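Here is a short tour of the model for anyone who likes to know the cut-offs behind the words. Please keep the sequence and the 3D view open while you read.

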Amino acid sequence: MSVAAMYMQARQMARCPAKLSLPPTCRRSLSVSAPASGLKVLFFGSDEFADRVLRELEGNRTGTQPCIDHMEVVCPKAQYYMKRDKKVFTYQSPVDKLALKKGLIAHHPFPVSMSSWMLPMVDGGNISGQFDIGVVASFGRFLPPRIINGFKSGMINVHPSLLPKYRGPSPIQTAILNGDSVSGVTIQEIHPSVIDGGKVLAQAPYPIPPTAPSGQLIDEMGTLGGQLTVKVLRDLAFAREKSIEQDETKVSHTRLFDREDSVIVWEEMTAEDIFRVHRTFYQKEPLHTCMRIKNKVKWVQFLELTVAPKSVPPINPQFADFPPGTVFHAKKVPYVEIACLGGGRIHATRFRVSGKAERDAFQFIAGYVKAWKDKRMISHPVNTKHLTPPFAYPEGYVRPTSYTDAYENTELDYKYCTKLATKRMVNDAGYSMADEDSADDSDD
């Protein structure tokens, strides 16, 4: 099966879970005999991925052929303050919001450690006693053996990668940054001492769309993970019978990211690298870099950008003669073009300068670029008492030649410019980057 066919099947599963089964490329297939029913489930989760998994479990609980009879959730406690006798939330996890919306009982453990937290008993009116199984998805805390052993059937974890690849807290983001074309979800048993090191019960692949932001992957992989979890719960005994140990020789780990990971380093990053970072932190922690205007250094955030297609001529045909980070613009063109390492270019359409409101390309050019003599972005702040140091190319780097001969003409493609202008208006209306890409494909 091709990558495109795998992707379309994964998308169909996310939209029509009741009509489709798991793809045949699943590494662990499950039987359909003797389905389980009447399970009492305690769900542990916090973020958007866990929210999508919980939605699938709740859909099963309230569906026509449920295997889950009762469910409660464990999530971080919301933080709020009182204003005029009303709660004003400063933080509330997506799982906590969904539990409140669906009327599920939510338990809030201590802020840091689970070592002294006591496992609750079922509180469901006519249903009482001990929970049958615990389901974990992006909970973010280590669960001690005391809690794992407190369930009749133990605990399982939903992880958004094909384990043993990408153990840890950020598998989706790491897959995008590494340029992977395929990822997936894994259902595994909770290991008492190794994070994400339990036996694999089931896996399903997920082809990564080449321009999709992390938010789209979180939603679709969370939905796929929730559907796979329901299938495992229906025949847990069979899944455990066919479970496999993880190959420790193929283990790779991920880490938590911070603001420094979204800084553009012009001396190291190509246009494709910059776009991958943009997809990874899209609408979470925007890409940012520095610009120096006279004796001031300002941070600039890139809110919307794309890699310049090779079919679109550069604004300046001699752009390859300029160092990466150099800014180009033209009249009536709805983007700012920036040269990158390796001869690539990026087109940025939305900006935010430190301390200012969002601006489109025209506003950014009028407010900053026209009064900017040295039109080159820099990776880090510099001493404004001295001249900006020259660009430092990597050792052994060969600068590309001018790209003038690569185009039949140097006239700008105004159809492409119109598309970017339409993207800007669509984004103002609240659509996602994924919607823009699908619109482009349909236009072509």
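## Ground rules

Two residues are in contact when heavy atoms of the two lie within 4.5 Å. This is a predicted model, in which local features need pLDDT of at least 70 and side-chain atom pairs count only at pLDDT 80 or more, while totals for chains, interfaces and linings use all residues. Residues are numbered from 1 along each chain as its sequence is written, and side-chain values use heavy atoms, with hydrogens and water left out.

## The whole protein

The secondary structure comes to eleven helices and 17 strands. Both are DSSP runs numbered from the N terminus: helices are H or I over at least four residues, and strands are E over at least two. Among contacts between residues at least 6 apart in sequence, 69% join residues at least 24 apart.

Of the 444 residues, 50% count as buried. Here buried means under 20% relative accessible area, exposed means over 50%, and partly exposed is in between (1.4 Å probe, protein chains only). The protein exposes about 22,100 Å², an area that comes from the Shrake-Rupley method with a 1.4 Å probe.

## Two nonpolar cores

A nonpolar core is a set of buried Ala, Val, Leu, Ile, Met, Phe, Trp, Tyr and Cys residues joined through side-chain atoms within 4.5 Å. Which residues have the most contacts inside the largest nonpolar core? They are Phe-43, Leu-57 and Ile-156, in a core of 44 residues. Helix α6 (residues 214-234) gives this core its largest share, eight residues. A second, separate core has 31 residues, including Ile-274, Ile-293, Ala-361 and Phe-391.

Gly-45 lies in strand β1 (residues 39-45) and is buried, with a relative accessible area of 0%. Not counting residues up to four places away in sequence, Gly-45 touches Ala-50, Val-74, Cys-75, Pro-76, Val-95, Ala-137, Ser-138 and Phe-139. Gly-45 and Asp-96 are 51 residues apart in sequence, yet their C-alpha atoms are 8.8 Å apart in space.

Helix α2 (residues 48-61) packs with helix α3 (residues 94-102) at an angle of about 30°, with their axes 8 Å apart. The axes are lines fitted to C-alpha atoms, for helices over the stretch in contact, and angles run from 0 to 180 degrees between N-to-C directions. The two helices are therefore roughly parallel to each other; angles under 35 degrees count as roughly parallel, over 145 as roughly antiparallel, 65 to 115 as roughly perpendicular and the rest as oblique. From α2, Glu-48, Ala-50, Asp-51, Leu-54, Arg-55 and Glu-58 meet Pro-94, Val-95, Leu-98 and Lys-102 of α3. These residues divide into five nonpolar, no polar and five charged. In that division Ala, Val, Leu, Ile, Met, Phe, Trp, Tyr, Cys and Pro count as nonpolar, Asp, Glu, Lys and Arg as charged, and the others, Gly among them, as polar.

His-108 lies in the loop between β5 (106-107) and β6 (122-124). With a relative accessible area of 35%, His-108 is partly exposed. Beyond its neighbours within four places in sequence, His-108 is in contact with Cys-75, Pro-76, Lys-77 and Asp-96.

## Backbone points to check

Most residues other than glycine have a negative phi, and most peptide bonds are trans. Leu-163 and Pro-164 are joined by a cis peptide bond, with omega about 15°; Pro-164 is found in the loop between β9 (155-159) and α5 (171-177).

Asp-196 has a positive phi, near 60°. Its place is in the loop between β10 (182-189) and β11 (200-207), and at 12% relative accessibility Asp-196 counts as buried. Gln-283 also has a positive phi, near 65°, and lies in the loop between α8 (271-280) and β12 (287-293). At 61% relative accessibility, Gln-283 counts as exposed.

## A buried strand residue

Ile-338 lies in strand β15 (residues 336-339) and counts as buried, at 0% relative accessibility. Leaving out residues up to four places away in sequence, Ile-338 touches Trp-266, Phe-302, Gly-325, Thr-326, Val-327, Gly-344, Arg-345 and Ile-346.
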